[in-house]
Structure formats: C-alpha cells, structure tokens
Amino acid sequence: MSPAASHHASEAVAVAAERRWAIIVVSIIGLLVLMMVITGLHWASMPPSRVETVDVKTVHIRGEFVEGNLGTALDPDGTVTVRLVAQQYSFVPQCIVVPEGMPVTFRATATDAIHGFVVGRTNANTMLVPGFVSTFTTTFPKAGEQLMPCHEYCGTGHEAMWAHVQVLPRDEFLAKARSAERVSCVPS
Ligand code: CUA
C-alpha cells in the first residue's frame, strides 16, 4: 500500500469510529428526552388524586392552622375534624381527643421538616410535608389511650416527638365537644 492509500484507509477507519460514537451519543440523548416526555405525559395524564397546599411562612398567623383552631372540632353536621401541626419536635396539640366509633377526619401539616405519625395500632398513619395538607378519615373502634409517635426521621429530637390520643366513648366525646369550639386533652 502506498503511503497515501494507507493514510486514506486510516482516515476512513477514524471517520467510521467517530460516526459510530456520534450515533451512540445521539441515541442516548434521544432516549433520555423520550423518557422525560413519557414520564411528563404520564404525570400530566394521572395527577395525584388531590393536592392541597398551605403557605409555610403564614401557617401560624392566619388560616386554618392558627393555634386557636387546632384540636378537635365537632361541626354542626356531626363530622369530627382534628387539625394539627407538626414541628421539630412536637405536635400541636400534644394530646388529641377523638370519639370511639365515629369517622374522624385528620387535617395536618408540618412547618419545618418532613414529619409523620401513626396512632397506636390503628390505620391512622400519614406523612406530614411542609407546604402540603395531609388528610385522611378513620374510625377508632375502641375507647382508650393511644400513643402517637412521629415516624419520619426529622432530626436529633425525632425519637422524643410524640403525642397522646384519647379515644373517648361517643357520649363523653359529644358532651365535651359541645362545651367548647376546639377540644384537646392538653392540661391547661
Ligand atoms: Cu418529627 Cu420525627
């Protein structure tokens, strides 16, 4: 092979290799873009069933989660709503009153880090994320006292973060709830 021919041959090899790598790189980029498009369309077509937000900066000052509105409320239509706030490292209120055998709706949020709670051995179990309102409805089948620990690691005080839940017999709860706008079992 003449020097010119050998030069042409090696140039052809280099061009072919470059083209191969260019195809591989463009394919990878194309695949990533395709993944973004597919996941984007998937989320757009199947949004979470409900998302309710709250402004962390004003949650203590105005709106549903001001301190005076926390605790358990018995609405005129008979629904029971518990509102609470989680923060490092406590729940407000620290002691929650709920009735036995009646549906109870929790509405709760966090102000600083991700917290969560579970009530005893019930299915009352949720995460609390700053900026979002977590809600769920459950029924407590048995009267008695339950512990409610934080179950998301939220910092050095995590293991000391818990509240009490008092499940009262229905009549006792109704009498207590009718006597005050918001009830809790926090000693006053
Ligand atoms: Cu709050 Cu762990």
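Biologist: What is the relative accessibility of Arg50?

Modeller: Glad you asked! This is a predicted model, where local features need pLDDT of at least 70, side-chain atom pairs count only at pLDDT 80 or more, and totals for chains, interfaces and linings use all residues. Residues are numbered from 1 along each chain as its sequence is written, and side-chain values use heavy atoms, without hydrogens and water. Arg50 counts as partly exposed (buried is under 20% relative accessible area, exposed over 50%, partly exposed in between, with a 1.4 Å probe and protein chains only), its value being 39%.

Biologist: Which residue forms a salt bridge with Arg50?

Modeller: A salt bridge needs a side-chain nitrogen of Lys or Arg within 4 Å of a carboxyl oxygen of Asp or Glu. For Arg50, the closest N and O atoms are 2.5 Å apart, and the partner is Glu52.

Biologist: Which residue forms a salt bridge with Arg83?

Modeller: Arg83 sits in strand β2 (residues 80–87) and is buried, at 13% relative accessibility. Its partner lies in the loop between α1 and β1 and is partly exposed at 24%. With the closest N and O atoms 2.6 Å apart, that partner is Glu64.

Methods
Helices (H or I, at least four residues) and strands (E, at least two) are DSSP runs, numbered from the N terminus.
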